[in-house]
Amino acid sequence: MEVLVVGNTAYVDDDFCAKAFPGDHVKVVAAAEARHDESSPHASWKELLQHLEQAYEFDRVVYLSNFLTPHTDTVGDIELLRSVFRSCMSRRVQLLFVAGPASAEGASGAVGRTGKGIIARAANDLCRYYAVREGVQAKILRAPFLYTASAALDDPFFVPLFDSCLTGSVALQGAEDAAFPLLCAEDLAVLVRRIFDSWDASFETLDVADTFHRTSGEVGEALKALFPGLSVAYGDSAGYALPVSDTVRVRYGWFQRYDLLRDLSTIQARWGAGRIKKINPLRAAIDRIQMRSLPIKCLETGVAWVLFEVLEHLFSQSAQLNVLDYRLLYVVLIGTLYGLDFGLVAALLASVGLAASYFTQYGYTFQGLFYEPSNWLPFIAYFVVGAVCGYVQLRNSEAIRAERDQNELVRNRNTFLTQLYHDAIEDKRAYRRQIVGRHDSFGKIFAVTQELDVLNPRDIYRKCCELLGEILENDSVAIYHVSGGAFARLVAASPAIAEDAARSLTLEQLAPLLGDGGRSNLWVNRELTPGLPMFGYAIERDGAPAVLIFVRSAAENQMTLYYQNLFRILCGLVESALGRAFDYEAVAQDKRCVDGTCVLKQAAFGQELAAEQALADSKMGSFLLLRVVPGMEPVGELVGAIGPAIRESDAAGLVDGDVLYLLMRQAKACDLPIIRERLSAKHIAVEPVDGEDIVALLQHISYTGDGEGVPLDLACRCCRLAADSCAGLPDAVDAFEVGPAAGARAHAGCDSVGAAVGPVAGGSAIGPQRGVWRGAERVCAGVAALQRRPASQHPGARP
């Protein structure tokens, strides 16, 4: 598992992690260091925490409170705890908050009135809030103050306390008899492991009892034994009394093993050994000198030369101090500090000073100095010493630089691998969303199959637009039906493009799409050809295209193989559903139409009209309903002649045996003059049917049918209360009772007994005075599907 240990990590080392999380990958982040580390690439603690969560996807988080350190004044603990909780929201993370004794609810009144005690207990409330309101799996472990006896760590309380003891006096905040509970970090590690081994999702607060009951006076006496002559001063604080609880001991079989008074001598011995290993101040000063800039180095080299020349001149007459060659010391110092180049420069300056002293003090001439080889030896020694010291320093500098370059390379490699790991995590999350997510799961595919399990192609078109828009997250879906082998007529489109979508396309315009679909019938506009959709799918029937499904536009992140495959799968499901619907229509053609014509019977026409009305209500299409005005011609002649006068995508229906209606699909009011002109050429006069009359016609068809009752769901827009749910109610009637007045009485009966009704968008106000319930504004709540029953079984049915 991935584990994050964060907060007051001064007590956490490799041994702690091995005992608390054996076999797990543990990331330890010190909150105080993270906020002040200038080398960190993250600007804030929140950004660092988000990076860690994204890179490692932790399963467990342990937050160690700053109040686990005795008498600490660290601030920002509750803010960091809140950041940790926010990063754990909506994820199954097990979070253990280890709080100090100040957070105990049974703390004394004095503590409760201090700001530290209030803040400590506020952290408990914060944990409870995120556990209850946000569903984070969290537990609170209230423990005594911590101390560590590890050789790899410096105890944040006792190390400064020991430094103070060197001054001869030390002060403890608690009173001499005040409780001073202390727990070894090694004991805490064992308890943390046992808590996670038996973890449950419930929120609870666990109290660790103070086994040894140590006081501030006992700690002071132990310090006096380690530092003879030490003076200990005590404060007036009442200390912290932890609640007496054996839950941890009974449930987890844990007990405290280590006592501070026995470990204090070990901590003091390791502290003393650590003081000896501290960095030499001289070495630190030399390192700072070596990091100076070039002009400073040159200035210091010149000043040092003048200084050593003055020393050489002053001490040249002293018998005791003249034994030291100050010029050679100058060369060694500069070469050691600044390297080979400055070592040779120092040797040159020392040689100039030596030659000047020969000329001024000993009366040498240049010829005498140059032609006597024994005089060369000091000059040669200066250059040799300067070169050797400079080379040693240069070699060390190059080794340090090589190590830095290697560290930088490792850091860059680690950054690259971290990015790769982060990308892998993102890919894993994306695959998980595809497998179990709502839009991509097998359950969703099954739901799509159920949605498309209808026999009316118009209903399939509407559901196809809805499902493709939802699953593909795209609002530019359009569906065309191929008519006559030359044109593609629009049958449905997403509401966002329904107004401006082309209502008719020639197959010549779609030649690239129809000719490059391949065996899968899927076409992708990889060339970004203007005027063509980004995705297209052709559904064939009898070897020719019958239905075309387009996605007109797609975002950049949707032009992927994943979206292509998803679009192909969904279109394949639509193709199967349309195949069943077309086969049903072909088989039921004789039953649906008037003998020898393409005019639909009353019930079939009602189904088509209801489907078109549903498309219009969803803003996925439009239609015009026209009533043929009776003329001199008999109705039979009009029925026989209406076929050539309308498009293949349109429909005609005969209602009540003597009224002929025309359903003009994807037509608008502005198209009415053109339609009338075309029909007038066939000597057919028509008049439009408005929305209110369409609702009345649908209700009339649903009440009467073709001699048998049909489900009221096909058309009713007012009362859908099931007959069985109305049974036994005052004034309740069977909703299949024939006639609009019966429908009105049924609604009034339902409303009289308090059936809840509510407004629905669209339509017009209900007008009972017309004898018909109109519009779609009010529908009965608690609607159930009506039983299919013959109309002849209802009172008032026509014979």
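**Sheets and a lysine**

Colleague: Which residue is the bridge partner of V477 in β16?

Modeller: V551 is the bridge partner of V477. The model is predicted, so local features need pLDDT of at least 70 and side-chain atom pairs 80 or more, whereas totals for chains, interfaces and linings use all residues. Numbering starts from 1 along each chain as its sequence is written, and side-chain values use heavy atoms, without hydrogens or water.

Colleague: How many bridges do β11 and β16 share, and in what sense do they pair?

Modeller: Five bridges link β11, residues 477-483, to β16, residues 544-551, and the pairing is antiparallel. Two strands pair if DSSP finds at least two bridges between them.

Colleague: And what is the strand order in that sheet?

Modeller: The order is β13-β12-β11-β16-β15-β14, an open sheet of six strands with antiparallel pairing. At its edges are β13 (504-506) and β14 (522-524); each has a single partner strand, so one side of each lacks a neighbour in the sheet. From one strand to the next, the twist averages 25 degrees.

Colleague: Which strands does helix α19 lie across?

Modeller: Helix α19, residues 457-471, lies across β11, β12 (487-493) and β16, and runs at about 150 degrees to β11. Strands (E, at least two residues) and helices (H or I, at least four) are DSSP runs, numbered from the N terminus. Angles, from 0 to 180 degrees, are between N-to-C directions of axes fitted to C-alpha atoms, for helices over the stretch in contact.

Colleague: Changing topic: is K139 buried or exposed?

Modeller: K139 has 1% relative accessibility, so it counts as buried (under 20%, with a 1.4 Å probe and protein chains only). K139 belongs to strand β5, residues 137-142.

Colleague: Which residues does K139 contact beyond its neighbours within four places in sequence?

Modeller: They are L95, L96, F97, W199, D200, S202 and E204, where contact means heavy atoms within 4.5 Å.

Colleague: β5 is in which sheet, and what is the order there?

Modeller: β5 belongs to an open sheet of six strands with parallel pairing, in the order β2-β1-β3-β4-β5-β9. The edge strands are β2 (25-30) and β9 (204-207), each with a single partner strand, so one side of each has no neighbour in the sheet. The twist in this sheet averages 20 degrees from one strand to the next.

Colleague: How many bridges join β1 to β3?

Modeller: Five bridges join β1, residues 2-7, to β3, residues 60-64, and the two strands run parallel. Opposite V6 stands Y63 in β3.

Key. Buried < 20%, exposed > 50% of the residue type's maximum accessible area, 1.4 Å probe, protein only.
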